[in-house]
Amino acid sequence: MASIPLKFQSIEELLGNLHQLDNSTLNYLAALLKKLQQERGISEENLMLEEEKFWALIALIDWKQKKTTQAVQPIVTALATENEAIIYKFSERLAYLLHQLDGPAYTKALETNELGFSADTFLYARCLAVAKGEKFYKKVLNKPKNMPVREDFEALLYVAEEAYQQKTGKPYQYVPTINYESFFNQKLWGEQAIVL
């Protein structure tokens, strides 16, 4: 494990040091932080952007744009006007929603994808399920066969990063407490889940 100095001049310095750690160490620290939050009575829900505000931001997606990077620009612009804590909370809510769709039942529709099935195509399809809005997301959540196929919305993953850079001029180094990568939802994948 890489060592982290105990004194920091700024939160950015702390985050910069965390950025150097390997994934298993970061996951270990995230688990310890969750335990500490529970001990202090801080719920995951308090770390996330309120659902209503999150979905209002998602509704800003400009579906007339052909490129997804351009389609998400209204969200980036809106988030960049908020304080940094709101940007972090956006990341947390997005990670939570993506994690909820990370299970074997949600992969079935993607197995026919002409691009082939992979951890990345699965993640980007989950991004599209979120990007299509609250009603569509809940439809997929309740009936996995509604998972979108042959399309993706990877650009959604970079909204918070771009908003933070636009606001501060600094690189975004915030790591959500929930791992949204494919095959990490232990509750849904069981013994097939990736554990670091």
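Entry one. Does S182 count as buried or exposed? I looked up its relative accessibility: at 3%, S182 counts as buried (buried is under 20% relative accessible area, exposed over 50%, partly exposed in between, with a 1.4 Å probe and protein chains only). I note that this is a predicted model, where local features need pLDDT of at least 70, side-chain atom pairs count only at pLDDT 80 or more, and totals for chains, interfaces and linings use all residues. Residues are numbered from 1 along each chain as its sequence is written, and side-chain values use heavy atoms, with hydrogens and water left out.

I placed S182 in the loop between α10 and α11 (helices are DSSP runs of H or I, at least four residues, numbered from the N terminus). Its side chain reaches the backbone oxygen of A119 at 2.7 Å. The side chains of S182 and R126 are joined by a polar contact of 2.8 Å (a pair of N or O atoms within 3.5 Å; within protein, one must be able to donate a hydrogen and the other to accept it, and residues adjacent in sequence count only if both atoms are side-chain atoms). Neighbours within four places in sequence aside, S182 is in contact with D102, A119, F122, L123, R126 and I194 (contact means heavy atoms within 4.5 Å).

Entry two. I checked F183, found in the loop between α10 and α11. F183 is not a glycine, yet its phi is positive, about 75 degrees. Most residues other than glycine have a negative phi.

I turned to α7. Of its 17 residues, 12 are buried; I86, F90 and L94 are among them. At its N-terminal end I found a cap: a side-chain oxygen of N83 lies 3.0 Å from the backbone nitrogen of A85.

How do α7 and α10 pack? I read an angle of about 170 degrees, with axes 9 Å apart (axes are lines fitted to C-alpha atoms over the stretch in contact; angles run from 0 to 180 degrees between N-to-C directions). The two helices are therefore roughly antiparallel (over 145 degrees; 65 to 115 is roughly perpendicular). Residues including I87 and F90 in α7 meet residues including A163 and Y164 in α10.

I compared α4. Helix α4 packs on α7 at about 90 degrees, with axes 11 Å apart, so the pair is roughly perpendicular. Among the residues making the contact are F54 and W55 of α4, and F90 and L94 of α7.

Definitions and conventions. Angles under 35 degrees count as roughly parallel, over 145 as roughly antiparallel, 65 to 115 as roughly perpendicular and the rest as oblique.
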